[in-house]
Amino acid sequence: MIAVMGLAFASQAQDNNIGVRLGGGQGYNAELSWQHVIDDNRMEFDLGWANYNDASSFSLTGIYQFVFDLPYNFAWFIGPGANVGMTSFDERAHFALALAGQVGVEYDFAAIPLQLSLDIRPRLYIVPSTDFHWGDIALGIRYRF
């Protein structure tokens, strides 16, 4: 994922969105979110963190999104990706690896550089054990630059 992020930064296009993704579930109620446009599609990277009870965790998700325009500044998107994470509790660290997908709809304001989105991101965990989570609907709020 780091190599893909580096390639995205090095590309000629300067279409980026940065902001937050709220309420995605699975323990991460807030994620920092960055999107980089590649031709008509884009890469999205989200960094989530959580502290609860005696545990803390972080998660990095990368999704390649196919974006399809709709009328009135709306678009919908769908794409595959991956997720890595680490949770620490009971004085031990637990690594997680998952395949992820994402589908959603977004609205780009014409008068101001703001994007709002609603999406869902199901995950199929591979490590530490096989487990499927649907995720929850998340609200994305991003600044376009």
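**Exercise 1.** In this predicted model, find the element that holds each partner of the salt bridge between Glu 31 and Arg 121, whose closest N and O atoms are 3.5 Å apart.

*Solution.*
Step 1. The contact qualifies because the cut-off for a salt bridge is 4 Å between a side-chain nitrogen of Lys or Arg and a carboxyl oxygen of Asp or Glu.
Step 2. Glu 31 belongs to strand E2, while Arg 121 sits in the loop between strand E7 (114–120) and strand E8 (123–127).
Step 3. The two residues are 90 residues apart, and the pair links distant parts of the chain.
Step 4. Both Glu 31 and Arg 121 are buried.

**Exercise 2.** Describe the salt bridge that Glu 31 forms with Arg 21.

*Solution.*
Step 1. The closest N and O atoms of Glu 31 and Arg 21 are 2.6 Å apart.
Step 2. Glu 31 is in strand E2 (residues 30–38) and Arg 21 in strand E1 (residues 16–22), so this pair ties together parts ten residues apart in sequence.
Step 3. Glu 31 and Arg 21 are both buried.

**Exercise 3.** Classify Glu 106 and Arg 42, which form a salt bridge, as buried or exposed.

*Solution.*
Step 1. Between Glu 106 and Arg 42, the closest N and O atoms are 2.5 Å apart.
Step 2. Strand E6 (residues 92–108) holds Glu 106 and strand E3 (residues 41–52) holds Arg 42, so the bridge ties together parts that are 64 residues apart in sequence.
Step 3. Buried means under 20% relative accessible area. Glu 106, with 3%, is buried, and Arg 42, at 4%, also counts as buried.

Conventions: Residues are numbered from 1 along each chain as its sequence is written. This is a predicted model: local features need pLDDT of at least 70, side-chain atom pairs count only at pLDDT 80 or more; totals for chains, interfaces and linings use all residues. Side-chain values use heavy atoms; hydrogens and water are left out. Helices (H or I, at least four residues) and strands (E, at least two) are DSSP runs, numbered from the N terminus. Buried means under 20% relative accessible area, exposed over 50%, partly exposed in between (1.4 Å probe, protein chains only).
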